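Hi,

Here is the structure I promised to pass on. Have a look at it first, and then read my notes below.

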Amino acid sequence: MGEADLNLGWRTALLGATILQLLALAAALTFSEGVRAANRLLAALLIVIAGMLVPYAIGFAGFYDAWRGLTFLPVAISLAIGPLLWAYASTLDDGRPPRTLRLHLLPPALQFAYFTAGFLLPLDAKWAWYTGSHGDWVDPVLEVATLVSLAGYAWGVAGVLRRRGARLAEARSDDDRFSAGWLKGVLAVLVIGLALNLGFSAWSLVSGGIDFFQQTGLYLGLGLLGLWLGVGGWRHAALPQAIPSEVEADEQKSNERATPDWAAVGAEVERRVREGEWWREPELSLADLARRLGTNTGRLSRAINLGLGVNFSVFINGIRAEAVAGALKDRPRADLLDLALEMGFASKASFNRAFRARFGMAPSEWRRGVSDSDYSRSEPDLRRDAGAEATG
């Protein structure tokens with residue numbers, strides 16, 4: 001057999017174009033600004049996805065029929081997708097790769113070593129192993145291991161999201177700038193990838209096996225997910241992503257012989273924040289506020305959590321929401337988004353969430369009823385309700 005037997009059809013063309021785009025995005029991410037460690041992990045993931053597509057791109061063209069020596073070409077390392085996506089998400093959160101990353105990369109390293117050993121076998125031995133024990137035992141085990149890996153790392157990314165949300169609420173008032181939404185997209189890619197693999201595995205099980213060509217949709221879908229990740233990762237590459245650990249563990253307890261009256265401390269913090277109008281600053285953080293108040297972040301966090309019954313984000317954004325509500329009484333026809341930005345909100349989404357948490361209704365509903373004087377619940381009650389919604 002030779003080159004005359006090759007057939008560069010539409011499947012090869014589509015997958016080949018996708019591979020080239022994935023590699024181009026990987027190169028762009030490698031040299032992009034932002035959290036470089038995270039960007040390079042995403043670049044590695046895109047290269048892995050490109051490698052997953054290579055056997056199908058050349059297989060549809062007839063390369064394996066022409067050259068059986070390509071069997072076991074060590075480029076499709078499916079077990080690397082989950083740990084690299086999890087490591088990428090974790091690095092966006094912490095600013096550095098997980099310390100246990102090498103351990104998580106051990107299964108894909110073993111998969112790579114297995115394929116490399118198979119690729120280096122003499123042709124007759126390679127073909128006997130591929131059509132025998134590999135197809136009967138190894139390939140099904142790898143398929144199950146890939147599904148378990150994707151499910152496990154999807155759970156891991158969900159944990160990163162939960163921790164990130166809690167840390168943002170305690171330390172920042174501008175959480176939308178820290179790409180939590182993008183991490184939800186990363187989790188969605190893992191879930192969709194898992195669903196695709198489960199769907200095709202179920203199809204193969206029910207039908208008694210599907211051939212190379214019937215798996216076209218799986219690999220085109222994988223390529224599209226990779227492109228979406230690459231483009232999204234490149235767009236988010238320069239955003240502030242790592243959240244510094246701003247709450248100090250040592251709260252100078254040695255200098256405090258008695259437990260403070262946190263309600264009184266919290267009330268004083270609130271008074272000074274309102275008087276200084278520091279809440280108007282869109283990027284206000286717990287560390288910024290602690291410096292202005294002449295205290296440390298640990299004590300300030302306790303004053304807000306224990307004294308006011310809310311976290312930092314709810315506290316600051318609640319004051320902003322009150323300011324918008326007050327402005328609407330004087331300027332009922334003002335544009336809501338303009339007012340929100342004027343009062344320090346970073347986005348329309350964060351404004352709507354905070355306003356609803358503070359007043360129990362959307363800003364537009366409040367404006368319609370702004371002349372209603374029957375609303376008489378006290379501010380402390382409202383504040384406690386907002387805290388319950390934020391932590392529930």
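**Aromatic pairs and the rest**

There are 19 aromatic pairs in this structure, which is a predicted model. Let me take you through two of them.

The rings of F60 and F213 make a tilted pair, with centres 5.2 Å apart and 45° between the planes. This one ties together distant parts of the chain: F60 belongs to helix 2 (residues 36–60), while F213 lies in the loop between helix 8 (180–207) and helix 9 (216–236), 153 residues away. F60 counts as buried because its relative accessibility is 8%, under the 20% cut-off. F213, at 42%, counts as partly exposed.

The other pair is F355 with F359, also tilted: 4.9 Å from centre to centre and 40° between the planes. These two residues are about one helical turn apart, because they sit four residues from each other in helix 15 (residues 348–359). Both F355 and F359 are buried.

F60 and F213 turn up again in an aromatic cluster, together with Y56, F212 and Y219.

As for the whole protein, it has 17 helices and zero strands. Its 392 residues are 46% buried. Among contacts with a separation of 6 or more, 75% are between residues 24 or more positions apart. The accessible surface is about 19900 Å², and carbon and sulfur atoms account for 59% of that.

Cheers

Technical notes:
Residues numbered from 1 in each chain as written. Predicted model: local features only at pLDDT ≥ 70, side-chain atom pairs only at ≥ 80, totals over all residues. Heavy atoms only, no water. Buried < 20%, exposed > 50% of the residue type's maximum accessible area, 1.4 Å probe, protein only. Contact = heavy atoms within 4.5 Å. Areas by Shrake-Rupley, 256 points an atom, 1.4 Å probe, with all protein chains shown as cover. Phe/Tyr/Trp six-rings, centres within 6.5 Å; stacked < 30°, edge-to-face > 60°.
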